[in-house]
Amino acid sequence: SFQPAALLGMGPMAEPAAGGAHFVLGRLPWSWGAALGALMLVLYFGRERSILHRRLVERAFWPAMYGWIALLVVQQPFWDSASAYFRGRNARAAVVALSSLFGCAVYSYNQRRRMASRVSKATMQRMARTFAPQRHVETVAALVATARLAEVLGDTDGEPRGLLAGLTRELWEFLTGSYLLAQGRVLAALQECRAAGASDVLYVFNSGDVDLPHLFSAAGTKAIMGLIQELIPSMDVVTKARLIDALHRQIEFVNSNHLQATVADMISQTRGHDLTTLKNLIDEVGDYYNLHRLVFCGLSPPMRTVVLEHIEIEGRALREAARQSGVAAPRKILSDIDDTLFSSGGRFPAGVDRRFLRKEIYPGVLALF
């Protein structure tokens, strides 16, 4: 049997029951402990809008889950017979602690992947040449604001942290109010830049020196979203795509009305061919945070309805305009990749084609893409 107090040195460790299969977590059977862990995973993966996906909770969830699984394993009868080096209370506690640290690494890795956006790293000049005619001119106000925001991001350290460092830092920021100071510095920099002109703020949002996903992670407040909404009529589709991508990647996006409202407003205030370009740009991120996930997983039902209705209305208008002008209506072609663009090498579940090496592009297929 297992008693958590004994593992922590607060009580005796009971002997295993006859048969060796009985596991008690306090008074909870082992099977119930395993079922509780499985239930937490189902709740986590089953509903993205649950409290488990809030920033502070998610930071603690994975270390706790890995530690819980390790706790179940180290109390099994086979554990003591596996190796003499892993016997005893201290060894068990060390295994649980190391498993929790591994959970910290998993969280940090996932956060780095979440914030790694191709759109945010693409230069303003390249995207402007490719997708939009508008360019943003450097001004003194824009350069000053860019430098101030880069300094704030450097102070807040945009890189994801593990459980101990992250919780300690966030608790310290909460107690000292330093996170409010950072948010105030971001808002002040944007407001002063806005006073110089809307184009200056658009330059800041398109600058490669400002990491938008980390900027909104540090200061995605209602006031800043309100400032962005005021600028929407002046925005080009490239700026909208960069902002939407950055907001979509925020942990709190699915639970934040003001973040979702900003995204919905940017889409709803884009029309005609610009809307087509915006949708394609959102899909240019090349990862999970694409247009489909944004609309059907990220937005709340009311905002999803507004966005889908707007997309449908604009699509019908484009098709009607094409019909009246006698040209073919625009189409977006979707294609598979594995065993279509390049070979899967027969790797399951990607595909079955073993004629070519894995990831080898089929001869001549690029003419179709």
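Student: In this predicted model, is Arg249 buried or exposed?

Tutor: The model is a prediction, and the relative accessibility computed for Arg249 is 0%. Since the term buried is used under 20% relative accessible area, the value of 0% places Arg249 among the residues that count as buried.

Student: Which residue forms a salt bridge with Arg249?

Tutor: A salt bridge asks for a side-chain nitrogen of Lys or Arg within 4 Å of a carboxyl oxygen of Asp or Glu, and for Arg249 the closest N and O atoms of the pair are 3.1 Å apart.

Student: How many Å apart in space are Ser217 and Arg249, C-alpha to C-alpha?

Tutor: Ser217 belongs to helix α12, which covers residues 212-219, and its relative accessibility of 23% makes it count as partly exposed. Leaving aside neighbours within four places in sequence, Ser217 is in contact with Arg55, Met115 and Gln250. In sequence, Ser217 and Arg249 are 32 residues apart, while in space their C-alpha to C-alpha distance is 9.0 Å.

Student: How many residues apart in sequence are the parts that Glu151 and Arg185 tie together?

Tutor: A search of the whole structure finds 6 salt bridges, and in one of them the side chains of Glu151 and Arg185 meet at 3.9 Å, N to O. Glu151 lies in helix α8 (residues 140-156) and Arg185 in helix α10 (residues 178-196), so the pair ties together parts whose separation in sequence is 34 residues.

Student: Are the rings of Trp62 and Tyr66 stacked, edge-to-face or tilted?

Tutor: A pair of aromatic rings is described by the distance of the centres and the angle of the planes. Here the centres of Trp62 and Tyr66 are 6.2 Å apart and the planes stand at 55 degrees, while both residues lie in helix α3 (residues 55-74), 4 residues apart, which is about one turn of the helix. Planes under 30 degrees apart would count as stacked and over 60 as edge-to-face, so the angle of 55 degrees makes the pair tilted.

Student: What is the angle between the planes of Tyr288 and Tyr289?

Tutor: These two residues form an aromatic pair that is edge-to-face, with 5.6 Å from centre to centre. Tyr288 counts as exposed at 52% relative accessibility, whereas Tyr289 counts as buried at 11%. The angle between the planes is 70 degrees.

Student: How many disulfides does the structure hold?

Tutor: Among the cysteines, Cys193 is buried, with a relative accessible area of 2%, and Cys297 counts as partly exposed at 30% relative accessibility. A disulfide requires a pair of cysteine sulfur atoms within 2.5 Å, and the number that the structure holds is 0.

Student: What is the area of the nonpolar surface patch made by Ile361, Leu366, Leu368 and Phe369?

Tutor: One of these residues, Leu368, has its place in the segment after α18 (301-325). Leu368 counts as exposed because its relative accessibility is 73%. Together with Ile361, Leu366 and Phe369, Leu368 makes a nonpolar surface patch of about 460 Å².

Technical notes:
Residues numbered from 1 in each chain as written. Predicted model: local features only at pLDDT ≥ 70, side-chain atom pairs only at ≥ 80, totals over all residues. Heavy atoms only, no water. Patch = residues over 30% accessible without salt bridge, like charges linked within 9 Å, V, L, I, M, F, W, Y side chains within 5 Å. Areas by Shrake-Rupley, 256 points an atom, 1.4 Å probe, with all protein chains shown as cover. Helix = DSSP H or I, 4+ residues; strand = E, 2+ residues; numbered from the N terminus. Buried < 20%, exposed > 50% of the residue type's maximum accessible area, 1.4 Å probe, protein only. Contact = heavy atoms within 4.5 Å. Phe/Tyr/Trp six-rings, centres within 6.5 Å; stacked < 30°, edge-to-face > 60°.
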